[in-house]
Amino acid sequence: MEPENKFLYKHKGYYFVKGVSPESIDSLESFEIKDDDIFIITYPKSGTIWTQNIVSLILHECHRDGTENITLIDRAPWLECNIADIDYPNRPSPRLFTSHLPYYLVPKGLQNKRAKIIYVFRNPKDVLVSTYHFTKITPVRETPKDFDTFLEWFLSGKVPSSLWLDHVEGWYTHKGDFNILFLSYEEMKKDLRSSVLKICNFLGKKLSGKEVDEVVDKATFDNMKVDSRANYTFMPPDIVDCRKGDFLRKGTIGDWKNLMTVAQNERFDRVFKKRMEKLPFKFCWDIQEDPEPISSLVDENNV
């Protein structure tokens with residue numbers, strides 16, 4: 001464990017907030033994986049809660065019809081931080097977990113390729129801006145004095161979950177080690193129904209047309225924002241203080257243009273382009289422009 005400051009520390013090459021213990025991370029190496037386990041993995045602020053809600057709605061009819069008042073953190077708890085003190089080994093199948101971990105820190109049992117991983121990624125500029133606003137309502141994170149300061153933290157990877165490029169590249173280049181579905185935030189925004197069907201197909205879950213419509217309706221941003229089971233207003237204020245702002249803020253594409261100056265945008269591009277040109281894959285959108293409506297990693301085996 002290498003402390004960065006009172007909010008952040010590095011463990012095994014990865015930055016965590018102080019609420020996640022090194023012992024908890026180390027214990028995950030031997031975490032027993034069941035064949036029907038499902039993992040939602042993202043870099044922070046990339047559509048995590050949205051995907052939690054979608055998958056939960058697909059799996060649980062009682063969630064769709066509103067007869068069970070169970071929060072997302074109970075339906076899709078965090079693997080690396082058991083906030084709700086849930087008995088993970090004895091949860092009923094299929095177990096659903098959520099994580100921001102890099103590929104090399106997840107349980108080794110995931111490499112048997114039986115359990116399923118849904119990895120969601122998002123335009124890093126929108127991730128940057130969303131995370132900046134998120135720091136204002138999360139006491140466990142350091143609040144930067146201004147956006148310029150946070151921009152430099154983000155570009156250097158000195159934020160929880162480290163560098164965005166490392167996270168996405170790591171999971172993508174090691175996709176052959178896992179049973180994994182890649183989805184982009186942008187394609188989910190463009191055609192949510194198609195994304196729901198893609199997830200259903202990956203999970204082997206057959207829903208009727210009416211059931212799919214119900215999932216899509218309840219998983220829209222506006223409906224999630226007012227759903228107390230899904231909007232994380234149930235979190236304790238020492239972790240997320242919703243009195244200072246909404247956990248689910250806008251849920252839009254291209255919001256970075258409302259905050260980033262021309263100089264900040266150019267700075268971002270200079271740093272990211274150097275790395276992106278060296279990556280073994282490319283994105284279907286140019287980071288200088290709005291992402292294409294369907295933005296995904298180019299892969300002939302994952303279209």
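Biologist: Let me start with K113: what is its relative accessible area, and how is it classed?
Modeller: This is a predicted model, and in it K113 has a relative accessible area of 43%, so it is partly exposed. K113 lies in the loop between β5 and β6.

Biologist: What is the phi of K113?
Modeller: The phi of K113 is positive, about 65 degrees, although K113 is not a glycine. Most residues other than glycine have a negative phi.

Biologist: And K45, what about its phi? Is K45 buried or exposed?
Modeller: K45 has a positive phi of about 65 degrees and is not a glycine. K45 sits in the loop between β4 and α2. With a relative accessibility of 14%, K45 counts as buried, because the cut-off is under 20%.

Biologist: While we are on backbone geometry, which peptide bond is cis, the one from S93 to what?
Modeller: The bond from S93 to P94 is cis, and its omega is near -5 degrees. P94 belongs to the loop between α4 (72-75) and β5.

Biologist: Let us step back. How many helices and strands are there?
Modeller: The protein has 12 helices and seven strands. Of its 303 residues, 53% are buried. Among contacts between residues at least 6 apart in sequence, 68% join residues at least 24 apart.

Biologist: Now β5. Where does T98 stand, buried or exposed?
Modeller: T98, in strand β5 (residues 96-99), has a relative accessible area of 0% and is therefore buried.

Biologist: Which residues is T98 in contact with, beyond its neighbours within four places in sequence?
Modeller: T98 is in contact with I40, T48, Q52, A76, P77, W78, L79 and E80.

Biologist: How far is E80 from D26, C-alpha to C-alpha?
Modeller: The C-alpha atoms of D26 and E80 are 9.5 Å apart, while 54 residues separate the two in sequence. D26 is in helix α1 (residues 22-27) and is partly exposed, with a relative accessible area of 33%. Setting aside neighbours within four places in sequence, D26 is in contact with H11 and K12.

Biologist: Turning to α9, how does its span compare with what its 12 residues should give?
Modeller: The two agree: at 1.5 Å a residue, α9 (residues 192-203) should span 16 Å, and its end C-alpha atoms are 16 Å apart.

Biologist: Which residues of α9 are buried?
Modeller: The buried ones are L192, S195, V196, I199, C200, F202 and L203. Their arc around the axis is only 165 degrees, which means that they are on the same side of α9. An α-helix has 3.6 residues a turn, so residues three or four places apart point the same way.

Biologist: What do those buried residues pack against?
Modeller: The buried residues of α9 pack against β4 (38-42), α2 (48-59), β6 (116-121), β7 (180-184), α8 (185-190) and α10 (209-218). Just after α9 comes G204, with a positive phi of about 70 degrees.

Biologist: Next, α6 and α12. At what angle do their axes cross?
Modeller: The axes of α6 (residues 147-156) and α12 (residues 262-276) cross at roughly 10 degrees and come within 11 Å. The two helices are therefore roughly parallel to each other.

Biologist: Which residues of α6 and α12 meet?
Modeller: From α6, F147, D148, L151, E152, F154 and L155 meet Q264, R267, F268, V271 and F272 of α12. By class, this contact has seven nonpolar, one polar and three charged residues.

Biologist: Which residues of α12 are buried, and what covers them?
Modeller: Q264, N265, F268, D269, F272 and M276 are the buried residues of α12. What covers them includes α5, α6 and α7 (164-173). α12 reaches 20 Å from its first C-alpha to its last, close to the 21 Å expected for 15 residues at 1.5 Å a residue.

Biologist: One last place, P144. Where is it found?
Modeller: P144 is in the loop between α5 (124-134) and α6. With 8% relative accessibility, P144 counts as buried. Beyond its neighbours within four places in sequence, P144 is in contact with Y132, T135, T149, F150 and W153. The C-alpha atoms of P144 and Y132 are separated by 8.2 Å, and the two residues are 12 apart along the chain.

Technical notes:
Residues are numbered from 1 along each chain as its sequence is written. This is a predicted model: local features need pLDDT of at least 70, side-chain atom pairs count only at pLDDT 80 or more; totals for chains, interfaces and linings use all residues. Side-chain values use heavy atoms; hydrogens and water are left out. Helices (H or I, at least four residues) and strands (E, at least two) are DSSP runs, numbered from the N terminus. The expected span of a helix is 1.5 Å times one less than its number of residues. Buried means under 20% relative accessible area, exposed over 50%, partly exposed in between (1.4 Å probe, protein chains only). The arc is that of the directions from the helix axis to the C-beta atoms. Contact means heavy atoms within 4.5 Å. Axes are lines fitted to C-alpha atoms, for helices over the stretch in contact, and angles run from 0 to 180 degrees between N-to-C directions. Angles under 35 degrees count as roughly parallel, over 145 as roughly antiparallel, 65 to 115 as roughly perpendicular and the rest as oblique. Ala, Val, Leu, Ile, Met, Phe, Trp, Tyr, Cys and Pro count as nonpolar, Asp, Glu, Lys and Arg as charged, and the others, Gly among them, as polar.
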